[in-house]
Amino acid sequence: MNNWKKLKLFLRLSWKTVPSYIVLLLVHTLVSGAQVALNVVLPKFLIDELTGGCEVRGLLFFGGLVVGSNLFFAWMERFMKRRMDVQHTYVSQKMEQLLGEKVMSLPYARLEDPYYLDLKERAAFAFLNQEAMLNLITGLAALLQKGSTLFGLTVILLTLSPVLAAVLLVLVGVMVLLQKRLSVELQKIHEMILPINRRYGYYVTLAFSDAIQKDIRLYNMAGMLGDRIDWYNQDMTNTFDTFRRQEGFYMGLYNVINDLQAAISYGYVGLRVVTDWFGRRIGLGSFTMYVNAAVQFSANITEFGQRIVDLQKLLGYLDPFMELMELPEETEVLEGVPFTGPVESIVFEKVDFAYPGSEKKVLDQVSFSVKKGEKIAVVGLNGAGKTTLIKLLCRLYQPCGGRILVNGQDIMSYDYASYMAQLAAVFQDYRLFAFTIEENISCRETGQDRNKVEKLAAQVGLSEKIKELPEGLRTLLGKAYDEEGTELSGGQQQKVAIARALYKDASLIILDEPTSALDPLAEAEIYENFNDLAGGKTAFYISHRMSSSVFCDKILVIEDGRVADFASHEELMKKEDGLYRRMFQAQAGNYV
Amino acid sequence: MEHAKVKTSYPLGATLRRMLQNAARQNPKLFLYCGIYTVTAAVYPFFAVLLPKVILGELEKGTGARPEAVLQIGAGFFLLAGLFGFIRTFLKHWPYSKLSLLRLDYVRLSSVKVMEMAYPHCEDAAFNEKYDKAFIATQSNNNGVEGIYHKLYEMPAVVLTVLALSVFIGSLSLPVLLGLFLNLAAVVWISRKSHNFRYERKEEEAKLRRKVGYYNQVSGDFTYGKDIRMYRMKQRILENTSGEIIKYRNLNRLLAGKEYRLGFVGLTTALISDVLIYGTLIWHTMRGMSIADFSMYLTAALTLSAYLKQMAEQFSFVVNEGQYVHEMYRFLDLDMGEKGGNHPAIEKDTLEVVFDDVSFRYPGSETYIFRHLNLTIHKGERLAIVGINGAGKTTLVKLMMGLFDVTEGEIRINGIPLREFDKKALYSMFSAVFQDVNTMAFTVRENVAGCLEGIDDKRVADVLEQAGLTRAVEALPKKTEQMMLKVIEEDGALLSGGQNQKLAIARALYKDANMVVMDEPTAALDPLAEAEIYENFSSLVKGKTAVYISHRLASTRFCDHIALFDKSGLKEYGTHEELMALRGSYYEMFTVQGKYYTQAGTNSGAGEEKRPENQRPEGQEKKEQGRQKQESREAETEETCHE
């Protein structure tokens, strides 16, 4: 994406989220333009008065005007700053929110694709360490300000001599070329540094991460990580050092051209005072004005150029953000007939599946059918494809071949939201939110259907814990959002997640290793109550605890992505060499 | 008053001195660059101040003015300013990354500190908040350590220019100079005032930032994706984020408003200063001062004003950011219990661990996890620690390995009180395997050895063999040199859950410590992989004291003793047979967990109603089958690794 397009997209997003900011930006720009014009023009009158009449009244008037305009613009600047400071942070945060909104609106399949994970992390990077977004916003404001200043100065210079303006502009052209060179170098460095930076970030984050600290101490690995960080420190410094040297060189030349501009301006305007070679002679007041205009022009153009380079750099950092924001969203992709439920039947018809970008078939010709109200255990070794099967059923992915029929129709033909409304799942890596326990279960604002929440909490065995908490069901979960929140143990969190799935008025319920963090007694309780809890709902149940499958009507054994067996526990136990029996006995052996 | 108070709240001088000493040690050349930069940068502005004077001096001659003189002046200016300007600019940019390195090195030191401080800090939820400022100090190029280094590099030149211009203007008119300094004082005062105002609200700001941050994290975190979609949380999260952002904006408005109001003081002094400058210069000109001098002094006064502002900004920047650097130094200097006692590690002997009347509660918590716990883990014994979640099983081993200190009582290892051991020596005595395996982005051999150099490759090969990983590792393109994970190298290897756990076991074997600790190593594994880990257990613990923690009871089969914990502490202790005979909690748990296996087995008709003894041989057989299966499964994962 080129820089213009990126800038346009950025401005469009700003306009969409915070229109008042764009207005403010324009006002700010205009004020700056006016300020510089007055600063350059007013002293002329003062000097003319000094060299001419030297009348006290005139001097007081023009002196007062200069001082007064300085005062006014100083106030104006503070007035604008007050608003800009607030808006800059606000716009940056709003942009980050947009990023979050985008992620939540993407088709789920993207979320498991490492490319998009990487893209998202790079996009979020703009908001974290580099604060690229904030710098872009402030940089853009400064750039516009400089732009309008330059415009004002150019107008003044043109009234004296288009030739001088032209000469200065030619030199500006040279400066632009230098900038261009430099930004090419910068781009090169940028491409080199990004992967280094990401790797460096990994090791530093790792060194600071809580989860790893036990390992680090017990295996004395602080040195190993410290060395790695040191290595990257050197690597980054060396990479940047080359660039900084070039930057110093180009910016030095830039500085020289700047001084050349000043020399030419003084020389030319000076000659206009003492000769009539280039036109009518001018007075000392005008000399001061034009020289000031020319010098300011040079100074501002330098900064202008610097700002452009910075902006390009920042837009570079924003690349991943922009790319992400352009991705199509889920709702745009998926529409169909409303699914009114309840789930009456589920049929997998020769379903094939491979993850995007992978050749390996995770599911291979999977066919089976389930009737309303049946409780199905899905078992298999790690990596057999159990969770993938569930993801397909939840429409988080599309099958590569074959169909999944619910109530006789391909699930992909149903309207997404109405289909999802009939499903409730506790995933292996379920997440709870920093809301109250009640809200986590009901997924709604507090206070609705409290009885149902309480009943479910009791059924999954949470009542005792809730009674212990001073705020009961209104206890805020986790400390990530608020210090005052309460951290529940893994088992308790799992119970909340189960209650949440049961609360949802769905006719199909899916539990993926729902009891891995529960202790044996709590686990047994969930198993035994599960049929009651699930009621007439159709249910899928994945677990490594083979004893849990005993409670299910049928067991779907998945082996290397294929259906190895689909029958009741009793029947499967009769297959001496069957995978199911082997797995069952491996655990049962410990208890007999 | 305010100013003085803030200045003394931390030792600015000492902080800066230490920073300079560090720079001198790391890269003394920086001082040379800075010296040359200072000279050129301090001289450079005077060309611009003198140029109008010289040229106007010529122009004022009226008809006597020579055009070639004007051109000569222009050319002379260009040569001098160009030369000095080039050197100045070059030396401003070039050392930038060398200054960055100084910060990066402090990042390294901070991370090493975090990795070496006593473990309880790692579980202290308030840790980040407590040392927030220390970490902010190394966060970016523009603040904290590096921000100050950049300023220190530039400041001498600014100060020199300010001094020279002050003398220059002061010699013409003291009031003008005083006006400029009055204005400077106001700028500094305002900056301090608003900084303090902001500082007082630091906590509030941190809280709001955390809340906004939480929502951004959740909405951007892909692992939340399934639940957000399944339970339709998107709208809710977006609304809440908006709410928090508005609150944050309101705080910012308050801060900006304060700064704006304080700004009126600055406007007043700026007005006074301006009136003095223009008034004095006009007055002098009326009394015969040349326009050339008028122009020169005006330029000088405006330049000084700008430089004073710059100096004030740099000064307050250094004072403000110095606080973070000071916090960083404080953090780095703090004794965070990295050392422990002085006793060296026990050599060539396994361990006996005695818990003598131990009570423990987590720092800052009121609830005791243990009260008056007495337990002896005998030399060479295999102890299974079982119990429900939250009974303190993991806490027990954390105490034993010195990750936490007991609140009361004493733990002794081979008769030596645990607190007397050097921490590193203590850690070196345990080979531990945890539930959550943290394979890191290092090569296989580095992961196994836990270091980068001096790796014994023969031993790496041996322990991989013992852990049953040889085939999987041989299948990797670069064998033991293979980088793990995809984060560093795109073709890095990903292992399955079971293989990762085996890698952790290989690491424990390589370490070959005095004692072995296994903390729920099989929770995430399938039954066959689990069975295999159990088998590895015996090779891992050969002749060593070992503790195996689990909330499943399977572990009790291959352990000599069982310690059952519940919320009140150690509840039952003995052999499997003893505890079954006791008919207490262990018996209950064992029956509940085993119930469905045995029942189901009975129902299927293939099962066995009889109790242990005659059962075992058949169980053994099943394990044999399991192992065969395991091998074919590994063959299949090889393919995955090739990808």
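Modeller: pLDDT is the predictor's confidence in each residue, from 0 to 100. This is a predicted model.

Colleague: What is the mean pLDDT of chain B?

Modeller: In chain B, 92% of the residues reach a pLDDT of 70 or more. Over residues 1-8 of chain B, however, the pLDDT is below 50, and this stretch has seven contacts beyond near neighbours in sequence. For chain B the mean pLDDT is 86.

Colleague: How much area is buried between chain A and chain B?

Modeller: The size of an interface is often given as the accessible area lost when the parts come together. Here 171 residues of chain A are in contact with 161 residues of chain B. Carbon and sulfur atoms give 65% of the buried area, which is about 16,000 Å².

Colleague: Which residue of chain A meets B:Glu259 in a salt bridge?

Modeller: The count between chain A and chain B is ten salt bridges. In one of them the N to O distance is 3.0 Å, and the side chain that meets B:Glu259 is that of A:Lys81.

Colleague: Which helix gives the most to the side of chain A that touches chain B?

Modeller: Between the two chains, 45 residue pairs are in polar contact, both at pLDDT 80 or more. On the side of chain A that touches chain B, the top contribution is 35 residues, from residues 222-274, helix 9.

Note on methods:
Residues numbered from 1 in each chain as written. Chains lettered and ligands numbered in written order. Heavy atoms only, no water. Contact = heavy atoms within 4.5 Å. Buried area = accessible area lost by both parts, 1.4 Å probe. Salt bridge = Lys/Arg side-chain N within 4 Å of Asp/Glu carboxyl O. Polar contact = N/O pair within 3.5 Å; in protein donor to acceptor, adjacent residues only side chain to side chain. Helix = DSSP H or I, 4+ residues; strand = E, 2+ residues; numbered from the N terminus.
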